[in-house]
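Here is a short walk through one protein model. Keep the sequence and the 3D view side by side as you read.

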Amino acid sequence: MDIRRIDDTISVSPQLTVEDVSEAAKLGFKTLVANRPDAEEPGQPGMANIEAAARANGMEWVYLPVESGNIFDNDVDRFDAMIRQADKPVLAFCRSGTRCTVLWALSSARTEPAHDIVNKARKAGYDVGGLAPRMAQQAGKRS
């Protein structure tokens, strides 16, 4: 597992296996979020199996699939609602962790300054600097 901590509430990871789920639970994660569509590529672990492992290990399971390179505002809305309501800490995964980080960054732009978001993502190994225009747009959605 390649878990990358963004902040106290969320970490991201590339694709998890069923076996990784029990380790994630032992590390204290309360909610497991899949941002990768099931069967996105051959050989990918099935989401139903990962969901079963999450539930067997006492974790909340959230399935919010997003197609790579196609993150729309409604995806950000769903992620934002999920992250506000989820038991924390959250572990979100996709193919590489990038989709999860982008969703987090755009959602967080509603309440945090963009430079803080960029710095947190950079420390986790992700460059979200190119999202500045979209983060500015999301900042206008603060409630």
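Which residues in helix 3 meet which residues in helix 4? From helix 3 come Asp75, Val76, Phe79, Asp80 and Ile83. From helix 4 come Cys100, Leu103, Trp104, Leu106 and Ser107. Seven residues of this contact are nonpolar, one is polar and two are charged. Bear in mind that this is a predicted model.

Now look at how the two helices cross. Their axes are 9 Å apart, and the packing angle is about 80°. Angles of 65 to 115 degrees count as roughly perpendicular. Helix 3 and helix 4 are therefore roughly perpendicular to each other.

Next, the core. The largest nonpolar core has 31 residues. Ile10, Phe79, Met82, Trp104 and Met135 touch the most other members. Two or more residues each come from strand 2, helix 3, strand 5, helix 4 and helix 5. Helix 4 gives the largest share, six residues.

Beyond its neighbours within four places in sequence, Phe79 is in contact with Ile10, Asn35, Leu64, Cys100, Leu103, Trp104 and Ser107. Another core, of 15 residues, lies apart from the largest one. Its members include Val21, Phe29, Ala34 and Ala53.

Finish at Pro89, in the loop between helix 3 and strand 5. Is Pro89 buried, exposed or partly exposed? Its relative accessibility is 25%, so Pro89 counts as partly exposed. Leaving aside neighbours within four places in sequence, Pro89 is in contact with Asp8, Thr9, Gly28, Phe29, Lys30 and Thr31. Pro42 is 47 residues from Pro89 along the chain, and their C-alpha atoms are separated by 30 Å.

Key
Residues are numbered from 1 along each chain as its sequence is written. This is a predicted model: local features need pLDDT of at least 70, side-chain atom pairs count only at pLDDT 80 or more; totals for chains, interfaces and linings use all residues. Side-chain values use heavy atoms; hydrogens and water are left out. A nonpolar core is a set of buried Ala, Val, Leu, Ile, Met, Phe, Trp, Tyr and Cys residues joined through side-chain atoms within 4.5 Å. Buried means under 20% relative accessible area, exposed over 50%, partly exposed in between (1.4 Å probe, protein chains only). Helices (H or I, at least four residues) and strands (E, at least two) are DSSP runs, numbered from the N terminus. Contact means heavy atoms within 4.5 Å. Axes are lines fitted to C-alpha atoms, for helices over the stretch in contact, and angles run from 0 to 180 degrees between N-to-C directions. Angles under 35 degrees count as roughly parallel, over 145 as roughly antiparallel, 65 to 115 as roughly perpendicular and the rest as oblique. Ala, Val, Leu, Ile, Met, Phe, Trp, Tyr, Cys and Pro count as nonpolar, Asp, Glu, Lys and Arg as charged, and the others, Gly among them, as polar.
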